[in-house]
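Me: Hi! I am new to reading protein structures. Could you walk me through this one, feature by feature?

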Amino acid sequence: TDQTIHSAFFPGDDQLAPVLMLHGTGGDESDLLPIATFLFPQHPKLGIRGRIRENGANRYFIRHDHGDFDLANLSQETDWLLGAIESESQRLHLDAKRMIVLGFSNGANVAAYAWLHKRPPFRTGILLHPMLIDPASTTANLDDVQAFASFGDVDPLITERNFNQLTQQFTIAGANLTSFKNHQSHRPSQAELAAARNWVQHLT
Ligand code: MLT
(Lines give C-alpha, C1' and ligand atoms only; values in the text may rest on other atoms or scores of the structure.)
Protein backbone atom coordinates (compact mmCIF):
# COMPACT_ATOMS: atom_id res chain seq x y z
CA THR A 1 0.00 0.00 0.00
CA ASP A 2 1.03 3.61 -0.59
CA GLN A 3 2.73 4.95 2.54
CA THR A 4 2.65 8.57 1.38
CA ILE A 5 0.38 10.90 3.33
CA HIS A 6 -1.59 13.10 0.95
CA SER A 7 -2.71 16.04 3.01
CA ALA A 8 -3.68 19.66 2.57
CA PHE A 9 -3.38 22.37 5.21
CA PHE A 10 -5.27 25.64 5.17
CA PRO A 11 -3.96 27.97 7.90
CA GLY A 12 -6.29 30.02 10.08
CA ASP A 13 -6.36 31.59 13.53
CA ASP A 14 -4.04 29.30 15.44
CA GLN A 15 -5.81 30.06 18.73
CA LEU A 16 -8.81 28.15 17.36
CA ALA A 17 -9.28 24.37 17.28
CA PRO A 18 -7.99 22.80 14.06
CA VAL A 19 -10.59 21.14 11.82
CA LEU A 20 -9.78 17.69 10.40
CA MET A 21 -11.52 17.05 7.07
CA LEU A 22 -12.25 13.43 6.13
CA HIS A 23 -13.79 13.07 2.67
CA GLY A 24 -16.46 10.81 1.20
CA THR A 25 -15.78 8.11 -1.41
CA GLY A 26 -14.20 9.77 -4.45
CA GLY A 27 -13.26 12.93 -2.57
CA ASP A 28 -9.84 14.13 -1.55
CA GLU A 29 -7.98 16.05 1.15
CA SER A 30 -9.41 19.42 0.13
CA ASP A 31 -12.90 18.79 -1.24
CA LEU A 32 -14.67 19.46 2.09
CA LEU A 33 -13.07 22.90 2.32
CA PRO A 34 -16.27 24.81 1.31
CA ILE A 35 -18.30 23.08 4.05
CA ALA A 36 -15.46 23.44 6.58
CA THR A 37 -15.22 27.15 5.75
CA PHE A 38 -18.97 27.60 6.13
CA LEU A 39 -18.92 25.93 9.56
CA PHE A 40 -15.55 27.16 10.82
CA PRO A 41 -14.53 30.27 8.86
CA GLN A 42 -11.44 31.22 10.91
CA HIS A 43 -10.17 27.82 12.05
CA PRO A 44 -7.04 26.14 10.65
CA LYS A 45 -8.06 23.18 8.48
CA LEU A 46 -6.25 19.93 7.67
CA GLY A 47 -7.44 17.32 5.19
CA ILE A 48 -5.97 13.82 4.93
CA ARG A 49 -6.75 11.61 1.94
CA GLY A 50 -7.73 7.97 2.43
CA ARG A 51 -5.19 5.69 0.77
CA ILE A 52 -7.57 3.00 -0.58
CA ARG A 53 -8.63 3.24 -4.24
CA GLU A 54 -11.96 1.83 -5.41
CA ASN A 55 -12.04 2.10 -9.21
CA GLY A 56 -9.96 5.24 -8.89
CA ALA A 57 -12.03 6.72 -6.04
CA ASN A 58 -10.25 7.55 -2.76
CA ARG A 59 -11.56 5.85 0.38
CA TYR A 60 -10.46 5.16 3.96
CA PHE A 61 -11.08 1.38 3.90
CA ILE A 62 -11.99 -1.40 1.48
CA ARG A 63 -15.56 -1.97 0.35
CA HIS A 64 -16.14 -5.12 -1.70
CA ASP A 65 -18.10 -5.22 -4.97
CA HIS A 66 -21.23 -6.63 -3.35
CA GLY A 67 -21.20 -3.70 -0.90
CA ASP A 68 -19.92 -5.31 2.28
CA PHE A 69 -16.88 -4.18 4.15
CA ASP A 70 -13.48 -5.60 5.00
CA LEU A 71 -13.40 -5.17 8.79
CA ALA A 72 -9.75 -6.22 9.13
CA ASN A 73 -8.83 -3.60 6.57
CA LEU A 74 -11.02 -1.03 8.35
CA SER A 75 -9.09 -1.64 11.58
CA GLN A 76 -5.72 -1.47 9.82
CA GLU A 77 -6.51 1.65 7.81
CA THR A 78 -7.93 3.40 10.87
CA ASP A 79 -4.62 2.76 12.62
CA TRP A 80 -2.85 4.20 9.57
CA LEU A 81 -5.09 7.29 9.62
CA LEU A 82 -4.56 7.85 13.35
CA GLY A 83 -0.80 7.63 12.75
CA ALA A 84 -1.09 10.11 9.87
CA ILE A 85 -3.08 12.50 12.10
CA GLU A 86 -0.36 12.27 14.74
CA SER A 87 2.50 12.90 12.34
CA GLU A 88 0.72 15.71 10.49
CA SER A 89 -0.21 17.34 13.82
CA GLN A 90 3.43 17.27 14.88
CA ARG A 91 4.66 18.60 11.55
CA LEU A 92 2.13 21.45 11.53
CA HIS A 93 2.18 22.11 15.31
CA LEU A 94 -1.52 21.33 15.72
CA ASP A 95 -3.10 20.07 18.94
CA ALA A 96 -4.77 16.82 17.87
CA LYS A 97 -6.74 16.66 21.13
CA ARG A 98 -8.49 19.92 20.23
CA MET A 99 -9.25 18.80 16.66
CA ILE A 100 -12.80 18.97 15.40
CA VAL A 101 -13.43 16.20 12.89
CA LEU A 102 -15.58 17.01 9.89
CA GLY A 103 -16.36 13.75 8.12
CA PHE A 104 -18.69 13.05 5.24
CA SER A 105 -19.93 9.56 4.37
CA ASN A 106 -16.89 7.26 4.14
CA GLY A 107 -14.88 9.83 6.14
CA ALA A 108 -17.61 10.05 8.81
CA ASN A 109 -17.65 6.25 8.96
CA VAL A 110 -13.94 5.95 9.69
CA ALA A 111 -14.17 8.68 12.35
CA ALA A 112 -17.14 6.96 14.03
CA TYR A 113 -15.33 3.62 13.95
CA ALA A 114 -12.20 5.23 15.45
CA TRP A 115 -14.26 6.60 18.35
CA LEU A 116 -16.03 3.29 19.00
CA HIS A 117 -13.06 0.93 18.56
CA LYS A 118 -9.75 2.85 18.75
CA ARG A 119 -8.35 5.70 20.82
CA PRO A 120 -8.34 8.77 18.61
CA PRO A 121 -7.10 12.06 20.12
CA PHE A 122 -10.04 14.16 18.84
CA ARG A 123 -13.15 14.61 21.04
CA THR A 124 -15.44 16.74 18.89
CA GLY A 125 -16.92 16.05 15.48
CA ILE A 126 -19.49 16.55 12.81
CA LEU A 127 -20.45 13.33 11.08
CA LEU A 128 -22.42 13.94 7.89
CA HIS A 129 -24.32 10.78 6.86
CA PRO A 130 -22.34 8.25 8.91
CA MET A 131 -23.17 4.57 9.18
CA LEU A 132 -22.18 1.83 11.58
CA ILE A 133 -19.72 -0.36 9.65
CA ASP A 134 -18.61 -2.76 12.40
CA PRO A 135 -21.60 -4.04 14.41
CA ALA A 136 -19.42 -5.19 17.33
CA SER A 137 -20.43 -3.47 20.54
CA THR A 138 -18.13 -0.81 21.89
CA THR A 139 -16.15 -0.68 25.13
CA ALA A 140 -15.02 2.89 24.51
CA ASN A 141 -15.53 5.66 27.03
CA LEU A 142 -16.78 8.68 25.11
CA ASP A 143 -17.80 10.77 28.15
CA ASP A 144 -15.88 13.75 26.81
CA VAL A 145 -17.03 13.41 23.19
CA GLN A 146 -19.44 15.86 21.56
CA ALA A 147 -20.74 14.94 18.13
CA PHE A 148 -23.32 15.98 15.58
CA ALA A 149 -24.59 13.26 13.21
CA SER A 150 -26.96 13.69 10.28
CA PHE A 151 -29.27 11.24 8.50
CA GLY A 152 -31.41 11.51 5.37
CA ASP A 153 -34.62 9.46 5.28
CA VAL A 154 -34.34 8.85 1.51
CA ASP A 155 -30.62 8.03 1.56
CA PRO A 156 -30.25 4.85 -0.54
CA LEU A 157 -27.04 3.86 1.30
CA ILE A 158 -28.03 4.09 4.96
CA THR A 159 -31.04 2.63 6.76
CA GLU A 160 -32.56 4.41 9.72
CA ARG A 161 -32.01 1.25 11.74
CA ASN A 162 -28.27 1.36 11.00
CA PHE A 163 -28.06 5.07 11.85
CA ASN A 164 -29.94 4.50 15.11
CA GLN A 165 -27.57 1.66 16.03
CA LEU A 166 -24.66 4.01 15.49
CA THR A 167 -26.13 6.80 17.62
CA GLN A 168 -27.07 4.28 20.33
CA GLN A 169 -23.50 3.03 20.52
CA PHE A 170 -22.29 6.60 20.97
CA THR A 171 -24.86 7.33 23.64
CA ILE A 172 -24.15 4.09 25.53
CA ALA A 173 -20.45 4.99 25.49
CA GLY A 174 -21.32 8.31 27.13
CA ALA A 175 -21.02 10.69 24.18
CA ASN A 176 -23.10 13.83 23.95
CA LEU A 177 -24.53 13.22 20.48
CA THR A 178 -26.97 15.42 18.61
CA SER A 179 -28.66 13.72 15.68
CA PHE A 180 -30.29 15.59 12.83
CA LYS A 181 -32.77 13.60 10.74
CA ASN A 182 -34.10 15.25 7.65
CA HIS A 183 -36.14 14.48 4.52
CA GLN A 184 -33.21 14.23 2.12
CA SER A 185 -30.72 11.88 0.50
CA HIS A 186 -26.99 11.31 1.02
CA ARG A 187 -25.57 14.65 -0.16
CA PRO A 188 -25.27 17.42 2.43
CA SER A 189 -28.25 19.79 2.35
CA GLN A 190 -28.59 23.43 3.32
CA ALA A 191 -30.90 22.54 6.22
CA GLU A 192 -28.39 20.03 7.53
CA LEU A 193 -25.46 22.43 7.28
CA ALA A 194 -27.48 25.17 8.97
CA ALA A 195 -28.24 22.75 11.82
CA ALA A 196 -24.55 21.80 12.03
CA ARG A 197 -23.55 25.45 12.15
CA ASN A 198 -26.05 26.10 14.92
CA TRP A 199 -24.59 23.14 16.82
CA VAL A 200 -21.05 24.50 16.33
CA GLN A 201 -22.09 27.87 17.72
CA HIS A 202 -23.27 26.20 20.93
CA LEU A 203 -20.14 24.08 21.45
CA THR A 204 -18.64 24.34 24.90
C1 MLT B 1 -18.84 3.56 2.90
O2 MLT B 1 -18.34 2.89 2.02
O3 MLT B 1 -18.20 3.99 3.86
C4 MLT B 1 -20.28 3.88 2.74
O5 MLT B 1 -20.85 3.05 1.78
C6 MLT B 1 -20.46 5.31 2.38
C7 MLT B 1 -19.70 5.68 1.14
O8 MLT B 1 -20.12 5.39 0.02
O9 MLT B 1 -18.66 6.31 1.26
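This is a predicted model: local features need pLDDT of at least 70, side-chain atom pairs count only at pLDDT 80 or more; totals for chains, interfaces and linings use all residues.

Me: Thanks! Which strands does H2 lie across?

Reply: Helix H2 lies across E1, strand E2 (19-22) and strand E3 (45-48). Relative to E3, H2 runs at about 145 degrees.

Me: How do I describe two helices that pack together?

Reply: Two packed helices are described by the angle between their axes and the distance between the axes. Here, helix H2 (residues 71-92) and helix H3 (residues 106-117) pack at an angle of about 90 degrees, and their axes are 10 Å apart. H2 and H3 are therefore roughly perpendicular to each other.

Me: Which residues make the contact between H2 and H3?

Reply: On the H2 side they are Leu74, Ser75, Thr78 and Leu81, while H3 brings Val110, Tyr113 and Ala114. Sorted by type, the residues of this contact are five nonpolar, two polar and no charged.

Me: Now the sheet, please. What is the order of its strands?

Reply: This open sheet of seven strands has the order E1-E3-E2-E6-E7-E8-E9, and its pairing is mixed.

Me: Why is one side of E1 and of E9 left without a neighbour in the sheet?

Reply: Strand E1 (7-10) and strand E9 (176-182) stand at the edges, so each has a single partner strand. On average, neighbouring strands in this sheet are turned by 15 degrees against each other, ignoring direction.

Me: How many bridges join E8 to E9?

Reply: Seven bridges join strand E8 (residues 146-152) to E9, and the two run parallel. As one place to look, Gln146 stands opposite Asn176 in E9.

Me: Last one: which residues are around the ligand?

Reply: Among them are Thr25, Arg59, Phe61, Met131 and Leu157. An N or O atom in the side chain of Ser105 is 3.0 Å from a ligand oxygen atom. For a polar side-chain atom of Asn106, the distance to an oxygen atom of the ligand is 2.8 Å. With Asn109, an N or O atom of the side chain is 2.7 Å from a ligand oxygen atom.

Key: Residues are numbered from 1 along each chain as its sequence is written. Side-chain values use heavy atoms; hydrogens and water are left out. Axes are lines fitted to C-alpha atoms, for helices over the stretch in contact, and angles run from 0 to 180 degrees between N-to-C directions. Helices (H or I, at least four residues) and strands (E, at least two) are DSSP runs, numbered from the N terminus. Angles under 35 degrees count as roughly parallel, over 145 as roughly antiparallel, 65 to 115 as roughly perpendicular and the rest as oblique. Contact means heavy atoms within 4.5 Å. Ala, Val, Leu, Ile, Met, Phe, Trp, Tyr, Cys and Pro count as nonpolar, Asp, Glu, Lys and Arg as charged, and the others, Gly among them, as polar. Two strands pair if DSSP finds at least two bridges between them. A residue is near a molecule or strand if one of its heavy atoms lies within 4 Å of it. A polar contact is a pair of N or O atoms within 3.5 Å; within protein, one must be able to donate a hydrogen and the other to accept it, and residues adjacent in sequence count only if both atoms are side-chain atoms.
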